[in-house]
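Hi,

Here is the structure I promised to pass on. Have a look at it first, and then read my notes below.

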Amino acid sequence: MSTVDTSSIAGRGRAIASPSPRAIALIKAVIFVLCLGPLVRLVGGAALDLLGVNPVELIRRSTGTWTLVFVLVTLSVTPLRRLTGWHWLARLRRMFGLYAFFYAVLHLTSYVWLEQFFDVAAIVKDIIKRPFITIGFAAFAMMVPLAVTSTDKMVRRIGAKNWIALHRLVYALAICGVVHYWWLVKRDITKPAIYALALAMLLGYRAVSAARKRTP
Ligand code: HEM
């Protein structure tokens, strides 16, 4: 059976071959497994005692990095889809978003469990005292309603218009995520600056597209 359905028309008047539903399911399955890679690496590293001298820090940093990476990958889907005409990419967006949430939960768990030992008073004190923790929690709080409303059933329940409005939170949470990283870095800001640039490009693309749409 052919994996390509050439009947779909996409892009600026060009006919773009779209993978068949079966091929998309396969692509999704492969990407799903690949996205588990960072977790497998941490679990395997912990089991084999390969996480170095400060495993807790490594887990926290790795899960934080992957949370931000998946947020940016989720935001990349729309520009990529429009630029390439591969509209089927939209079918991967929910998975990337949920992986961002999954790694954020692991990141939060590593902080609450391995760093603060479930000491609620210490966590509250930290949220008040350290601005990068405050903004990290704000970013996480914004992810929760997005994850909860990610199913088709929830889209129907709250209505497409409300759903779209709610899911604009992703822009705010991505900014909070980058600021969180920027604020926690003490000296070399190269890495957070790269994430900030990537986010600026993704948001800039959307701003330009929206402005073009408004122009008669
Ligand atoms: C739930 C609330 C959050 C808490 C309490 C939290 C806490 C932390 C802590 C303690 C660190 C390590 C700081 C250090 O080692 O000096 C960290 C690193 C990081 N966090 Fe978070 N975070 C939260 C949410 C988030 C979210 C939502 C994102 C992404 C959108 C994120 C992205 C990162 C990144 C990229 C790093 C740095 C990783 C690196 O050093 O390579 N965090 N976070």
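What pattern does the protein chain follow when you read along the sequence? It goes β-β-α-α-α-α-α-α-α-α-α-α, with 10 helices and 2 strands in total. Keep in mind that this is a predicted model.

Some overall numbers to start with. The C-alpha trace of the protein chain spans about 55 × 45 × 40 Å along its principal axes. The chain has 216 residues, and 18% of them are buried. If you take the contacts with a separation of 6 or more, 61% of them are between residues 24 or more positions apart.

Now for the ligand. It is surrounded by 21 residues, and the closest are Gly64, Gly136, Ala139, Phe140 and Gly177. Where does this shell come from? Four helices, α3, α4, α6 (131-148) and α9 (169-184), each supply at least two of its residues. The largest share belongs to α3, with 8 residues. Sorted by class, the shell has 11 nonpolar, 7 polar and 3 charged residues.

Next, the inside of the protein. The largest nonpolar core has 22 residues, and Val71, Ala100, Tyr103 and Met143 are the ones with the most contacts inside it. Again α3, α4, α6 and α9 each supply at least two residues, this time to the core. Here α4 gives the most, with 6 residues.

Finally, two loop residues to look up. Asp49 sits in the loop between α2 (37-47) and α3 (55-84). Its phi is near 60°, a positive value in a residue other than glycine. Is Asp49 buried or exposed? It counts as exposed because it has 8 C-beta neighbours inside 10 Å, and the cut-off for exposed is 12 or fewer.

Phe118 is the other one, in the loop between α4 (90-115) and α5 (120-129). Phi of Phe118 is also near 60°, so here too you have a positive value in a residue that is not glycine. With 8 other C-beta atoms within 10 Å, Phe118 is exposed.

Cheers

Notes:
Residues numbered from 1 in each chain as written. Predicted model: local features only at pLDDT ≥ 70, side-chain atom pairs only at ≥ 80, totals over all residues. Buried ≥ 20, exposed ≤ 12 C-beta atoms within 10 Å, placed from the backbone. Near = placed C-beta within 6 Å. Nonpolar A, V, L, I, M, F, W, Y, C, P; charged D, E, K, R; others polar. Core = buried A, V, L, I, M, F, W, Y, C linked by C-beta atoms within 7 Å. Contact = placed C-beta atoms within 7 Å.
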